Amino acid sequence: MAADENDNLLGLFSTRTTQGKPIDRGAAALPAPSGTVASPTPMNSGRVAVRESQSISTSTQAVRSGGVSPGALRSTGTGRGKLSPLASTILREARRELGNDYNLQQGSDPSQLVSEAKIASAVDKVLKRRGETIDDIERANVIIHLQKDLLGWGVLQPLIDNREVTDIHVYDYQTVVLQRGKVSETTGLHWPNHAAYVSFVDRLLLRLGKSLSTQQHTVDASFPNGIRICAIHESVCGVRGPYLCIRVPRVMETTLESLVTYQVAPPLIVNYIAALIRSGQCTIMVSGETGTGKTTMIKCLGTQFGYDESIVSVEDTPELNFTHPYFRCLVSRPPNTEGVGEVTLQEHIKTTLRMTPTRVILGEMRTPYSAEAFLEAAQTGHTGMSTIHARNARETLVRLESLLGRAQKSVSIDIIRQQIALAVDCVVWLFREKGSGKPRVGEIIEVGHFVEGQIQVRPMFRLAKTGDRPVWRVESWSSNFDEILADNGIFLGDSPPEVTFSGQGSDLQLLKAPTRS
């Protein structure tokens, strides 16, 4: 689907202009896409405007080829997409029919295999076998829903394709909410009924070898392209459900250049962090709130690992997937229905020490015992990185104190702080800017020694101005790692007091990824 069509389609579905107003599902009009004339039609009729998109227009051609008049299609709309019980059954059996004919469970792209005429033929075949008939309008709706369903993400495909959408939240079969950064917007996307939505969730998880049940009520997983999903079984969702949360990373290229291109940080700051990573002597904590790009930051910095290093990551859900020749990943495992077979992050971290790693990467520091195991590994010479949730850089150290305190209840706070000071060298704090929703490096601090009951910290960089032209202030012209920085051609003493993406320092060349020597 072309980019402009995606933008038009997203503009059609988005209700950003209605935020703060009650939404009447029966009468609210959808905004018309750019280049069209809005008409005061009810939602049921306005929904048919989706035909302007590529996927539905091709479905309309299929309907025409199957004998349904264009006028009949225009007169119906899909309403909330609710089909009659018979039409829902036809939809389900027609999809099964297409799956049998084209082996759609083998990971191939069904939209490239199944023509529009074949979809109409499958519907007619099911109707003939059952000895049933439905009117042309409902038959057209079944064909349109099948056309959507055969796309990789079904009715969610327009949102996946649009580069502005960062998160998709599905509450039930008729409520889909998108997020651009941290701004939520209701959409008009929907499934024909509850059963079709549950079937979509099941197929999505099946592609990842997982499933939802009352025993396994929450599933976290990720696709090879970095898209992460969290599915929650309807038995724990109150009156709605199942819930589906999809996070779509928009910094798709995991390189240092992409951090600058997407204005996460200016070249000086990117080179500073990269130099610490290249040295192999620094353990870095990447902190921030949910959805601020912490994992993406680690993936980008992973391009600076030495070619001959041994990298081991420990994760709940495999997301990092470094393209490194000597990368290995250990994944935790929840207990089975009998309550046995659990493998925790802390067990894996202890295992990594027997795998002679150069670096240990903990995907996310969530539990006290995983924090304890990771920091112990860092204290014993296994440098690495991890992410943690925190509201600023200094609070990251407080969070570490809290986690270690719960794991080591009989240990004094001074000993806990000494462990943190020994293990952690630098904290990079990320946040998502309000309004634009762009992730930014908000603050960087270096962690020093433990002196007189306190961990000494040195502020290095801080975001001073947000907006279209963000500005970072250089807080210190010296570093605990001046020699490392000098080896990489970085001299903070020569840098301007403020850095941005234009002006002095903006043309600084980024460090190149290490290669085989």
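The model is predicted, local features need pLDDT of at least 70, side-chain atom pairs count only at pLDDT 80 or more, and totals for chains, interfaces and linings use all residues. Residues are numbered from 1 along each chain as its sequence is written, and side-chain values use heavy atoms, with hydrogens and water left out.

**Exercise 1.** Classify the ring pair Phe305 and Phe322.

*Solution.* 
1. The ring centres are 5.3 Å apart and the planes stand at 70°, so Phe305 and Phe322 are edge-to-face.
2. Both Phe305 and Phe322 are buried (under 20% relative accessible area; exposed is over 50%, partly exposed in between; 1.4 Å probe, protein chains only).
3. For Phe322 and Phe327 the centres are 5.3 Å apart and the planes at 85°, so this pair is edge-to-face; both residues are buried.

**Exercise 2.** Describe the setting of strand E12 (residues 426-432).

*Solution.* 
1. Strands (E, at least two residues) are DSSP runs, numbered from the N terminus.
2. Seven of the seven residues of E12 are buried, so the strand is largely enclosed by the rest of the structure.
3. Cys426, Val428, Leu430 and Arg432 point one way, and Val427, Trp429 and Phe431 the other.
4. Two strands pair if DSSP finds at least two bridges between them. Strand E7 (residues 284-288) runs parallel to E12, joined by five bridges, with Val286 opposite Val428.
5. Strand E13 (residues 439-451) pairs with E12 in the antiparallel sense over seven bridges.

Key:
Rings of Phe, Tyr and Trp (its six-membered ring) pair if their centres lie within 6.5 Å; planes under 30 degrees apart count as stacked, over 60 as edge-to-face and the rest as tilted. Helices (H or I, at least four residues) and strands (E, at least two) are DSSP runs, numbered from the N terminus.
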